[in-house]
Amino acid sequence: MIKKLLKTSLAFIMSVFMMMAITPLIPSAFADEIPGPLDEQEQTVPAVPQISGVTCLSDGTVRVFWAAAENAESYQVYRSSSASGSFVPVAETPDTVYTDRYAKVNMNYYYKVCSIRTVQTEEGEITLKSDLCAARASGPVKLQYVRLENIYKAVYNRFKLKWSKSPQATGYYVYRQSPGAAFKKIATIKTVSGLTYTDKSFLCNTRYTYKIIAYYSKGNTLVKSSASNSLSQKSKYVGKQTLNKCIYYFGKDYKCYRKVNGRKKMICLTYDDGPAARTKTILATLKKYDQAATFFVVGSRVSKYKSTIKKAYRQGCEIGNHTYSHPMLTSCSYSKIKSQIIRTKRAVKRITGSTPKVMRPPYGAFNRTVRSAVGTPLIYWSVDTRDWATRSSRTTIRRVLNGARNGSIVLMHDSQSSSATASKTIIPKLVKKGYQLVTISEMAELRSGMKKGKVYYKFYK
Ligand SMILES: [Zn+2]
């Protein structure tokens, strides 16, 4: 029994000795490399103290900033559309700022952030995440503004505007600024894909500035973006332009030298049977008061008075067709009427470069054949001065002034010197009464228009 106990004790002592002999063989450096348990501090990462700001920017993004957490290597951003809703991770970033480009217009979002750190353990690399910080709200998300990229002339006097897309926009407003005025909305583009607009309705030789505002519309909600950059353009234009019931004429210096306002009183003075020696007197009076008239010329007389015709045309007067040799057209054949009209057309075009657009039949005589042969509107009159019969300036003046109405067509003859004299009184008196003295074509354009083969007596409003 004792013997057995001794044997066991001996074995125990032996094993202790053996242990003591082996232990000093393990190098102390090797012991340090064995991963030990992490202490309490190393197993956690401090939370983000707070979200310091959430800003909705005018480019449609939301910027979230937060205070850095100690030892954090990166941050995870969480988002929810309600304060009590579930927060979903939307991004991970090493920075302390995040730009949310996926926020929906007009929505309110809530953001939270946690800090992240990666550590080594016995099991390998593990990612430590802190608790989420307190949520912070964004306020309604803005609609991204657009960039007005280009304005170019699409057609002669039209501007085409092009801008960039605002991803969540349901449409765009086009704003235009005229010189010395405020920006005014001129168009609403109701399609998402509408990224262009053609402006046809502007006065030429004028600088305009444009900008675009995107909008988002759903139910009763309307969100507008901030305005785009603005671009300016000026169109250079020579010739006639009609805009908003007004006719403008621009010279080679791009300046408007004549304007007719269709909303104001107008009257047409017409002179037949010229050109004649006294036509120049009438032209001088018209020029003095910045007014225009229509001259129904006899084709056979035109070549003798080239400079008068040229002058009349350059002054803005209209040259109408009064046949070639002043025959009674109702007794002419269809082909004779045609040739009477065509010969005068050619004679006038050779001088002015432009074909007469209106005609007046000699003696006011017309029938169906005449109407179909002339190929232009036929112009009659509503005020007949009978100046050829009276040859009295006083009578002509009285008849014109008594008969004048807004839209009247007055018949006189520039072949009559009494009418040239009468015009010196008639023209300033009508101007003083508020009339604009206009050509037949101007009156027709601003009133009811004209058709070929139709007879016009007046253009009353
Ligand atoms: Zn005549």
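Q: How many salt bridges does the count come to by the rule used here?
A: This is a predicted model, in which local features need pLDDT of at least 70, side-chain atom pairs count only at pLDDT 80 or more, and totals for chains, interfaces and linings use all residues. Residues are numbered from 1 along each chain as its sequence is written, and side-chain values use heavy atoms, with hydrogens and water left out. A salt bridge is a side-chain nitrogen of Lys or Arg within 4 Å of a carboxyl oxygen of Asp or Glu. By this rule the number of salt bridges is 5.

Q: How many residues apart in sequence are the parts tied together by R79 and D100?
A: Side chains of opposite charge can pair when their charged atoms come close. R79 and D100 form a salt bridge, at 2.7 Å from N to O. R79 is in strand 3 (residues 74-80) and D100 in strand 5 (residues 97-100), so the pair ties together parts whose separation in sequence is 21 residues. Helices (H or I, at least four residues) and strands (E, at least two) are DSSP runs, numbered from the N terminus.

Q: What is the relative accessible area of D100?
A: Buried means under 20% relative accessible area, exposed over 50%, and partly exposed in between (1.4 Å probe, protein chains only). The areas come from the Shrake-Rupley method, and for residues only the protein chains shown count as cover. R79 is buried at 17%. D100 is buried too, and its relative accessible area is 1%.

Q: Which strand holds D199, the partner of R176?
A: R176 and D199 form a salt bridge, with the closest N and O atoms 2.9 Å apart. The pair links distant parts of the chain, 23 residues apart: R176 is in strand 11 (residues 171-177), and D199 is in strand 13 (residues 196-199).
Both residues are buried. The strand that holds D199 is strand 13.

Q: Which helix holds E442, and how many residues apart are R258 and E442?
A: The closest N and O atoms of the salt bridge between R258 and E442 are 2.7 Å apart. This pair links distant parts of the chain, with R258 in strand 19 (residues 256-261). Both R258 and E442 are buried. E442 lies in helix 11 (residues 440-446), and the separation is 184 residues.

Q: Which helix gives the most to the positive patch?
A: K252, K306, K310, R314, R346 and R350 gather in a surface patch of positive charge. Patches are made of residues with over 30% relative accessible area and no salt bridge, with like charges joined within 9 Å and nonpolar side chains (Val, Leu, Ile, Met, Phe, Trp, Tyr) within 5 Å; Lys and Arg count as positive and Asp and Glu as negative, while His and the chain ends are not counted, and a charge is placed at NZ of Lys, CZ of Arg, CG of Asp or CD of Glu. Helix 5 (306-314) and helix 6 (334-352) each supply at least two residues of the patch. With 3 residues, the helix that gives the most is helix 5.

Q: Is R350 buried or exposed, and what is its relative accessible area?
A: R350 is one of the residues of the positive patch and lies in helix 6. R350 is exposed, with a relative accessible area of 68%.

Q: What is the relative accessible area of N321?
A: N321 lies in strand 22 (residues 318-321). Contact means heavy atoms within 4.5 Å; leaving out residues up to four places away in sequence, N321 touches F296, V297, Q340, I341, T344, K345, P356, V358, M359 and R360. N321 is buried, with a relative accessible area of 1%.

Q: Where is N244 found?
A: Phi of N244 is near 50°, a positive value in a residue other than glycine. N244 is found in the loop between strand 17 (239-243) and strand 18 (246-250).

Q: Which residues does a cis peptide bond join?
A: P275 is in the loop between strand 20 (266-274) and helix 3 (279-288). With omega about -5°, the cis peptide bond joins G274 and P275.

Methods:
Areas by Shrake-Rupley, 256 points an atom, 1.4 Å probe, with all protein chains shown as cover.
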